[in-house]
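Open the model in your viewer and get ready to select a few pieces one after another. At each stop you will find what to select and what is there.

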Amino acid sequence: MNYILQLNGFRLRRKLCPITPTAIALYYVILENFNQVGFPDSLEIPVGILSGELSTSSNTIRRARQVLFDNGYIYYESGRRKHSAVYQLIDLDPRYFSAKMEEQVV
């Protein structure tokens, strides 16, 4: 996955699938975390870390996370007990996304 292509794809996709400002901010924080560790297939990120980085409550993070999931920006599995949620980024490469949109129009 390429950080710049993912950012560009996210910007393009938001025009077609608008989301809340909190969900936008959360996506950027999740993307930064993935970028820091070289874009693994999945990444465990504690809600407390996300809420601290965004200076908001854990419940707000959970609602924004669900918005991202429902609109096809991320996939996640909720954490159980002492485990954090595990996140996966959906590839938003604008080249791929543009080709898919052309297929739908034709």
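**Stop 1**

Helices H3 and H4 are roughly perpendicular to each other, a label used for angles of 65 to 115 degrees, while under 35 counts as roughly parallel, over 145 as roughly antiparallel and the rest as oblique. Before going further, note that this is a predicted model, where local features need pLDDT of at least 70, side-chain atom pairs count only at pLDDT 80 or more, and totals for chains, interfaces and linings use all residues. Residues are numbered from 1 along each chain as its sequence is written, and side-chain values use heavy atoms, with hydrogens and water left out.

Select residues 47-54 for helix H3, then residues 58-70 for helix H4. Helices (H or I, at least four residues) and strands (E, at least two) are DSSP runs, numbered from the N terminus. H3 and H4 pack at about 100°, and their axes are 9 Å apart. Axes are lines fitted to C-alpha atoms, for helices over the stretch in contact, and angles run from 0 to 180 degrees between N-to-C directions.

Now show the side chains where they touch: Val-47, Leu-50, Ser-51 and Leu-54 from H3, with Ser-58, Ile-61, Arg-62 and Arg-65 from H4. Contact here means heavy atoms within 4.5 Å.

**Stop 2: H2 against H4**

What is the angle between the axes of H2 and H4? They cross at roughly 85° and come within 9 Å, which makes H2 roughly perpendicular to H4. Thr-22, Ala-23, Leu-26, Tyr-27 and Ile-30 of H2 are in this contact, and among their partners in H4 are Ile-61, Ala-64 and Leu-68.

**Stop 3: H1 beside H2**

On the H1 side, look for Tyr-3, Gln-6, Leu-7, Phe-10 and Arg-14; on the H2 side, for Ile-24, Tyr-27, Tyr-28, Leu-31, Glu-32 and Asn-35.

The whole structure has seven aromatic pairs; rings of Phe, Tyr and Trp (its six-membered ring) pair if their centres lie within 6.5 Å, with planes under 30 degrees apart counted as stacked, over 60 as edge-to-face and the rest as tilted. Zoom in on Phe-10 and Tyr-28, an edge-to-face pair with 5.3 Å between centres and 80° between planes. Phe-10 sits in H1 and Tyr-28 in H2, 18 residues apart, so this pair links distant parts of the chain.

**Stop 4**

Finally, select the strands S1 (43-45) and S2 (74-77), plus S3 (residues 85-89). These three strands form an open sheet in the order S1-S3-S2, with antiparallel pairing; two strands pair if DSSP finds at least two bridges between them. S1 and S2 stand at the edges, each with a single partner strand, so one side of each has no neighbour in the sheet. S2 and S3 are joined by four bridges, and Tyr-75 has Gln-88 in S3 as its bridge partner.

Bring H4 back into view: H4 lies across S2 and S3, at about 125° to S2.
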